[in-house]
Amino acid sequence: MGWHLIRFWTVLVYLFMFLPIAVVVLLSFNANQFGSFPMTGFSLRWFGELFDNDAILRALRTSLTLGALTALISTTLGVLASLALVRYDIPFRNTISTILIAPILVPEVVLAVALLLFLQFLGIHKSFTLLLFGHVIFTLPFVILVVQARLVGIRRDVEEAAMSLGASPIQTFFTITLPLLMPAVAAGALFAFTISFDDITGTLFWKPGGVETVPTQIFAMLRNSISPEINALGTLMILITAGLPLIGLAISRKLAMRRDRAE
Amino acid sequence: MSIEAREARQPWILLSPSLVVITLLLIVPVLFILVYSFWLRTSVGDVQPGFYTDNWQDVLTDRFFRDILLTTLRIAAITTLVCALMGYPAAYFIARAKGNKALLLLLLMLPFWISYIIRTMSWIYILGTNGALNTALQWLGITSEPIQMLYNETTVILGLVHFLLPFMVLNVYVSLDGVDETLEDAAGSLGATKWQSFLQVTLPLSLPGLAAGGLLCFVLGAGTYITPAVLGGPRDAMFANLVFEAIITQLNWPLGAALSLLLLAVLGILVMLYNHFLGMAQLMKGLG
């Protein structure tokens, strides 16, 4: 009896998590011009209108550029730090780990204010650079956590074998270690991109006037009224931020299966 | 240099870029706003360096600020409790499920990849005057006019629970997954009922995960800006909205700095207590 109750409860919890999002996706295909119920017919019109809206296209371009640069920088920094944490026995490990995840523990508003006021004091005003700095600092801990979890599973003996056969440390890194690391690097980069692409709180503090990312654009549009364009933009965002990791997962499954078959 | 010395230096070379970035972009800025919070904004709008306690006097004695701080902590506490009550049974089910565990876990991760603003906004379609619930109620003939259900404290909590629940479920799941199932069987064979063995064996062993999930829900909930801005009414401002107001709207940066630091101090005490009793390792397990 108890188990059935728990199962029923779990179904309700999942419905609670996904039903509202499903409604947004459903409404983005609604022909009704007010962007809400009732459903009056199926239409792709709002997706078409997105691509005629200059403000939205600009926001999309800003978000994609920012996300890509953030992913590049955070992943580079994060992979190096994770290598140190996983591969070496370092003193003060706990303190260092805590410092590295500190940006998660500090409320984002506080981080946003501190960075804004400090860089402003140094003469770096609200700009794309400030946005990039901000996004790097709060994606970095997530990248480190994800990459570290993946690194633990990589065996070291292959590298040692390469070295004992005469490869230099640099050669070993680029021909052996990096290819083995690639899944971890990809996972970290994807995660950083997604978090950056979704961020709104810090972005609202750091963005210069007139510059919008997709989330701040949606936030600004919400202030006026609900429109079918917001739903279409929301659906597009879900496709980008949830679709990319799912494709990544599918590809890594395929690769793993092929590797299993080869062995 | 000896090989040992080079070996010992290598991890620091790997770590230094990240440590430098976190020091320059987080630690130094937080120390900077501590100094800045003692500066003063003059009536003409300039900021006067010095040592003035005016901002702190405002922040610590003004009833308006104190009320909003207490409201924020209350909302975060209720949110955390609701997340625990909703999330624990679900995490238990996933940990003990035989069949589609992988699918359930994947679905659990999915909200992390779906935009926060979209998830928050989606409640407008459920509870708004033209939303699903009002449409259904009128269609069923239960009400004739749409009911105003949005823009109050309850909808703020609802939005926060929707945002934070996955953090709770994931953390509890991680700790339940580490509990040996045979322990419950052992308790059963010694005569404990299912409920007894859960209360005395499984629940205590999963408390670290529950605490980690609770800490994340509370800290993230108390620091939120968007949820009250989208789902709350004009009187449902939380502390982060106050900070935003001071910094972006009023441009009173020294005051904004003091407000941010107060929020950091209150939540920092919680994080430190957690670290003291349970350590950061559990939190990192759940986040990774």
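Reader: At which residue does α3(B) bend?
Author: This is a predicted model, and in it α3(B) bends by about 30 degrees. A proline, Pro89(B), follows within four residues of the bend. The residue where the bend sits is Gly87(B).

Reader: How far apart are the end C-alpha atoms of helix α3 of chain B?
Author: Helix α3 of chain B covers residues 63-96, which makes 34 residues. At 1.5 Å a residue, the helix should span 50 Å. The distance in the model agrees with that: 49 Å.

Reader: Which element of chain B has the lowest mean pLDDT?
Author: Chain B as a whole averages a pLDDT of 89, and 97% of the residues score at least 70. Among its elements, α3(B) has the highest mean, 95. Where pLDDT is low, the predicted coordinates should not be read in detail. The lowest mean, 68, belongs to helix α13 (residues 280-287) of chain B.

Reader: Is helix α11 of chain B largely enclosed or largely open?
Author: Let's go by its residues: a residue counts as buried if 20 or more other C-beta atoms lie within 10 Å of its own. The buried ones in α11(B) include Phe239(B), Leu242(B), Phe244(B) and Ile247(B). Because eight of the eleven residues are buried, α11(B) is largely enclosed.

Reader: Which helix of chain A gives the largest share of the side that touches chain B?
Author: In total, 70 residues of chain A are in contact with 67 residues of chain B. The chain A side divides into 56 nonpolar, eleven polar and three charged residues. The largest share of that side, 13 residues, comes from helix α1 (residues 2-28) of chain A.

Reader: How many charged residues are on the side of domain 1 of chain A that touches domain 2?
Author: The domain assignment gives domain 1 as 1-43 and domain 2 as 52-262, with C-alpha centres 30 Å apart. Eight residues of domain 1 are in contact with nine residues of domain 2. The domain 1 side divides into three nonpolar and five polar residues, and the charged ones number none.

Methods: Residues are numbered from 1 along each chain as its sequence is written. Chains are lettered from A and ligands numbered from 1 in the order in which they are written. This is a predicted model: local features need pLDDT of at least 70, side-chain atom pairs count only at pLDDT 80 or more; totals for chains, interfaces and linings use all residues. Helices (H or I, at least four residues) and strands (E, at least two) are DSSP runs, numbered from the N terminus. The expected span of a helix is 1.5 Å times one less than its number of residues. The bend at a residue is the angle between axes fitted to the seven residues ending there and the seven starting there. Domain bounds come from an automatic or database domain assignment. Two residues are in contact if their C-beta atoms, placed from the backbone, lie within 7 Å. Ala, Val, Leu, Ile, Met, Phe, Trp, Tyr, Cys and Pro count as nonpolar, Asp, Glu, Lys and Arg as charged, and the others, Gly among them, as polar. pLDDT is the predictor's confidence in each residue, from 0 to 100. A residue is buried if 20 or more other C-beta atoms lie within 10 Å of its own, exposed if 12 or fewer, and partly exposed in between; C-beta atoms are placed from the backbone.
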